[in-house]
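Subject: Handover of a structure and findings

Dear colleague,

Please find below the structure that I am handing over to you. My findings follow directly after it.

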Amino acid sequence: MSARLDQLCDRLKAAFAGRIGEPVFALGELTIEVDAANYVDVMRQLQGHPDFKFELLLDLSGVDYSTYSNWQGKRFAIVSHLLSISHNLRLRVRTFADDEEFPVLPSVIDIWAGANWYEREAFDLYGVHFDGHPDLRRILTDYGFVGHPFRKDFPISGHVEMHYDAEQKRVVYAPVTIEPREVTPRIVREEQYGKGGAR
Amino acid sequence: MSDIKNYTLNFGPQHPAAHGVLRLILELDGEVIVRADPHIGLLHRGTEKLAETRTWIQSVPYMDRLDYVSMMCNEHAYCLAMEKMLGIEVPLRAQYIRVMYDEITRILNHLMAVGSHALDIGAMAVMLYAFRDREDLMDAYEAVSGARMHAAYYRPGGVYRDLPDRMPQYRQSKFKKGDALKQVNEDRQGSLLDFLEAFCGRFPKYVDEYEDLLTDNRIWKQRTVGVGVVEPERALNLGFSGPMLRGSGIEWDLRKKQPYEVYDRIDFDIPVGTNGDCYDRYLVRVEEMRQSTRIIKQCIDWLRVNPGPVITGNHKVAPPARENMKANMEELIHHFKLFTEGIHVPLGEAYAAIEHPKGEFGVYIVSDGANKPYRLKLRSPGFPHLAALDEIARGHMIADAVAIIGTMDLVFGDIDR
């Protein structure tokens, strides 16, 4: 780990002792995990505190961990990527929504105005609700879309298809007629696969 | 006096100044914008979801179709993220080629941005001239990948193939013959690098011409100076990056601050604006074109004298040479496994970002060790910019909305993904 990330790691531990999990360092990136209860507090300090100064919320996205490897944790996560221009550092913050049926997390829109559309997107695609968001509408999907398409249990072909009906003179929706098709199956190989010497 | 209610105007999605498929609901008080509500998603193709069902390498061409005016930069971020997870070293020559093509892409993008911005607010000629230069650069794309736009040239581990020794030439036709034919083929006698060097020679003069048309143009200045001002603190809070951030006076460029590939070996400057208005952002883009030309020149000089491999020798990631595949059993197996099953990326997550012409383009990958991504998130630079349209446009006249959309350099393939 580089000296500067080391320092950031120590500062994080000192400032948020007990409120964040152990910072994880992998591939040159630092990741912290925060409980939903401490999420906004931690984010506010990360943005404002002179030790951190993460002025930019670069990205905020949902992740559905339901089919991930042998996952035991909660299903929906919100992953934010922060960038500090003053310190030239990046940080990834992950927080999990407690409820699977109705995932709710507090909004960070008061801290970074740029979170507005990112939270709308996560709501649209994953169905995560953001408490305190003033305008939580769908953003990318169609008007009147049903469901949250990026969840792992949503089929890639969707549920409805649309076509123009000449008699009714309008576009009509109907259940999909296409079958999902997988050309290359999803394969996870064991660790030593193809390395040789395991005979 | 009878009550005058605010007037709601639907702008787009089919409007020439909407840069694609932006639908904008404008609430107007007379001619003043009270609220702007962009409706996006009309070009949403679910690239991120589609990528989950395709092998890692199959998603590379999808990246071209995100921001379809800066194709190779999108591929670049995706390849960088994969290389980070795979722990692969990219050959130096491939890094130079990538940097050179990134800068070609930056010029392509900025020509489009400045040209269409000018077209939107009434200056027709710039767009026409810009397309003359874009044509040359797209020829450079074609020479190297076979496609003018959707190149799929960058691959995890390097680039698909080395630069060609011969630049394709125009053939005689009904429209091009005699002296005209000779003239268009004049720069195409040598290699691709010769062609690009000739381009770099003439392009700065062309940029001067664009500046002649716009920089001191009274109408252009009236339409852009003081319009869409973004304070630096606000720009950060709204998540801006690229020329939108630099236009507000914040010196932040990943190529300098967090250099990737060989940018740390190359000499160039970052232009920064002072007022944060549309005019400053225009000046930043123009200067970036000049700096890109400088970078391309340095890359050409290096590439001329340093031959070498352009893709990694790790055949779990990049295919073996055709010749070896025919003669060598192991390479045959590698080839077969790579093209039927694909690359396996180790369990974990990574975020890689590049200085895309529009801002920071990031790719966040979560992998469960399979031959397909578990989750792919694309951080498109245009998304937060458009999100801030409401805030920036509020209080401006309706005609300024078009100037602001133009200065944001929106491309919907990138915003809607």
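A:F16 counts as buried, with a relative accessibility of 0%. Please note that this value, like the others in this message, comes from a predicted model. The residue sits in the loop between α1 (3-15) and β1 (24-26) of chain A. Its ring partner is A:F52, and the two form a stacked aromatic pair, with 5.5 Å from centre to centre and 20° between the planes. A:F52 belongs to the loop between α2 (39-48) and β3 (56-64) of chain A, so the pair ties together parts that are 36 residues apart in sequence. A:F52 is also buried, at a relative accessible area of 1%; the cut-off for this class is a value under 20%.

Over all chains, the structure holds 21 aromatic pairs. Ring pairs also build a cluster, which consists of A:Y65, A:Y68, A:W71, A:F96 and B:Y374.

Chain A as a whole can be described as follows. It contains three helices and nine strands, and their order from the N terminus is α-β-β-α-β-β-β-β-α-β-β-β. The radius of gyration of chain A is 21 Å, whereas the globule rule gives 16 Å for 199 residues; the former is well over the latter, so the chain is more spread out than a compact globule. Along the principal axes, the C-alpha atoms of chain A fill a box of roughly 70 × 60 × 30 Å.

Of the 199 residues of chain A, 45% count as buried. The accessible surface of the chain is about 10400 Å², and carbon and sulfur atoms account for 50% of that area. When contacts in chain A between residues at least 6 apart in sequence are considered, 49% of them join residues at least 24 apart. As for charge, chain A carries 23 positive and 30 negative side chains, with 5 Å between the centres of the two sets.

B:S191 is located in the loop between α6 (178-185) and α7 (192-214) of chain B. With a relative accessibility of 14%, B:S191 counts as buried, because the value falls under 20%. Apart from neighbours within four places in sequence, its contacts are B:P164, B:D165, B:R166 and B:M167.

B:F199 lies in helix α7 of chain B and is buried, at 1% relative accessibility. Which residues does B:F199 contact, leaving aside neighbours within four places in sequence? They are B:I107, B:D133, B:D136 and B:L137. B:L28, by comparison, is 171 residues from B:F199 in sequence and 46 Å from it in space, C-alpha to C-alpha.

B:R246 is part of helix α10 (residues 243-246) of chain B. Its relative accessible area is 0%, and B:R246 is accordingly classed as buried. Not counting residues up to four places away in sequence, B:R246 touches B:W252, B:D253, B:I270, B:P271, B:V272, B:G273, B:V284, B:E288 and B:E355.

Yours sincerely

Key. Residues numbered from 1 in each chain as written. Chains lettered and ligands numbered in written order. Predicted model: local features only at pLDDT ≥ 70, side-chain atom pairs only at ≥ 80, totals over all residues. Heavy atoms only, no water. Helix = DSSP H or I, 4+ residues; strand = E, 2+ residues; numbered from the N terminus. Rg over C-alpha atoms; globule rule 2.2 N^0.38 Å. Buried < 20%, exposed > 50% of the residue type's maximum accessible area, 1.4 Å probe, protein only. Contact = heavy atoms within 4.5 Å. Areas by Shrake-Rupley, 256 points an atom, 1.4 Å probe, with all protein chains shown as cover. Lys, Arg positive; Asp, Glu negative; His and termini not counted. Charge placed at Lys NZ, Arg CZ, Asp CG, Glu CD. Phe/Tyr/Trp six-rings, centres within 6.5 Å; stacked < 30°, edge-to-face > 60°.
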